[in-house]
Every structure is written in structure tokens, then in C-alpha cells.
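Here is a friendly tour of one protein model. Please have a look at the sequence and the fold before reading on.

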Amino acid sequence: MPSVFRRAWSSAEKLDGKTVLITGANTGIGKETAKDLAKRGAKIIIACRDMEKAQEALKEIIETSGNDNVKCMKLDLSDSKSIREFAEAFNRDEPKLDILINNAGVMVCPYGKTADGFEMQIGVNHFGHFLLTYLLLDLIKRSAPARIITVSSMAHSWGSINLEDINSDKSYDKSKAYSQSKLANVLFSRSLAKRLEGTGVTTYSLHPGVVQTDLWRHLSGPQQFIMKIAKPFTKNSVQGAQTTIYCAVEPSLANETGQYYSDCARTSSSSAGKDDNLAQKLWELSCRMLNITWA
């Protein structure tokens, strides 16, 4: 159950002069995060696959926040060519990147492959964001102090990383594949923190809460029924965005890195989420799969 009795976190922290990039911000918690951070005065770039939906979201973010320093760029995280084109344009056009929010995700979808042949959930949720972060890292470092936030899920607790069959080629269970991708998010954020020590760039992974979002569209009938029963304990997208916003703006978090958060507070990830040996193996595998060298 959510921590109903904890005082809700709120902050008047301003982000004037800061540049924020949010992936998948055309719906749900990504869009609510964009609205909140735009209200704080940041320049917001939303990176979306569906440019029609992105334009609608853009209009809504500007109208709600009163900040017209918002733009959208096309990014398909299921295609490394799109990610590289996006990063090239971003590095060319933007002088800084203070906050990167790896928010986009697919959840318990039917089996599918990305353009690069990765299973869709590990491909978009982990590999896509891994490559994006790698390609933007020099810009982020030049913008320090800066933050990299990766939206995971409590589902990471039920996950394991199958290093022998990361793409579920031998057998596919959509819930296991989702949990694996969310554990990968936690491990990535943890590994990244170690590599960024002393740079002024800090990393955070988080559970947004069980949020009523479009991601539910692939749940089975029984799963949707359970979610309906649980509805009083779930969060709407505004509530669901709060922990992302907390990780982006809370000043005290400047001294923390590589940690995991839920309900606007630091909490413990699963034991697998703290396994540095596993994190290192996943890092090496990710580099091999993406044909990059990132020591």
C-alpha cells in the first residue's frame, strides 16, 4: 500500500536556466513531469515516437505551465538509428542538459522485436535509454551539476537478468520480460553512478507508484480486473509523477547518487538491484549488444 500517512512532498524549487529532456512525455507521468518542471521555469524538451501526440502534449504543457520554452523532438527508442540521429541533433542544438529523465517505457506487451532485434521491453526500457544516455553523456558532464533519472518500477523486485537469453528468444513471458527490464533500469543507474563519481553528475532510479496509465493496455482481462479492485490504492498520473519530480529538483539529493526512490523518499531496491557483479555483467553485455565502448 502507498504511504498514505506520509506528508506529501512539495517544493517551490525553481529551475530557471535549466534544460530538461524527458523521454516519452506525451502521456501519463512523463507529461505531468514535463508540466511541473515547465512551471518551475526550465526549458523542456520532450522526446517522443508519435509526433502527432507529442504536438498535442506540447500545447497542453505550454498552456498549463505558462512556459513556452518547450519543444518536442522525434525519438524512437526501439531503433538505435533513431536514437543516434536524435542525439546528434540534440548535441548540435542544445548547449547544455541539466536533467535527463529516462521515462519512456513499454509494459507487458505481446512479444515483439525492436529494429535492432532486441525483445521489445528490454530493448526500449533498457537498451534504448542506455544508448541515449551514452550519446548525451559528454553534454551532461559539461552541464554539471546535473542529474540522470531513470523511471523503474517495484516490478524490478520480481525480476532477474537472464544474461544467457536477455532477449527472451528461448521462451517469452511478458511479465518476466517487463520485470527484467525494470531491474536493468535499477542496475544501470547504480553502475552509472559509480562511473560518474567526481563529475558532479548524479543518478537516481525510482518506482512511481502503481499508476493508472496507458501502459495498462496490454494487461490481460484478469490482470485488468485486479487493477480495478486496487484502484483506490493506485495513483493518478499527477501523483505518479511526484517521485520523478522529487529526484529532479530536491536540493538534498545532490549528495546522493545511484540510489532507488519511492513515494518521494529513498528506499531499498531488491537484493538483485544491489548486485554489483550482476550490474557489471549487464553493463558489459549492453555495450556488446549496442556495439559501443563505455568503460
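Is Lys-31 buried or exposed? Lys-31 is buried, with a relative accessible area of 15%; buried means under 20% relative accessible area, exposed over 50% and partly exposed in between, using a 1.4 Å probe and protein chains only. This is a predicted model, in which local features need pLDDT of at least 70, side-chain atom pairs count only at pLDDT 80 or more, and totals for chains, interfaces and linings use all residues. Residues are numbered from 1 along each chain as its sequence is written, and side-chain values use heavy atoms, leaving out hydrogens and water.

Lys-31 sits in helix 1 (residues 28-39); helices are DSSP runs of H or I with at least four residues, strands are E runs of at least two, and both are numbered from the N terminus. Leaving aside residues up to four places away in sequence, Lys-31 touches Ala-25, Asn-26, Ala-57, Glu-60 and Ile-61, where contact means heavy atoms within 4.5 Å.

Now to helix 4.

Of its 23 residues, 18 are buried, so helix 4 is largely enclosed by the rest of the structure. The largest nonpolar core has 48 residues; such a core is a set of buried Ala, Val, Leu, Ile, Met, Phe, Trp, Tyr and Cys residues joined through side-chain atoms within 4.5 Å. Helix 4 gives the largest share of this core, 11 residues.
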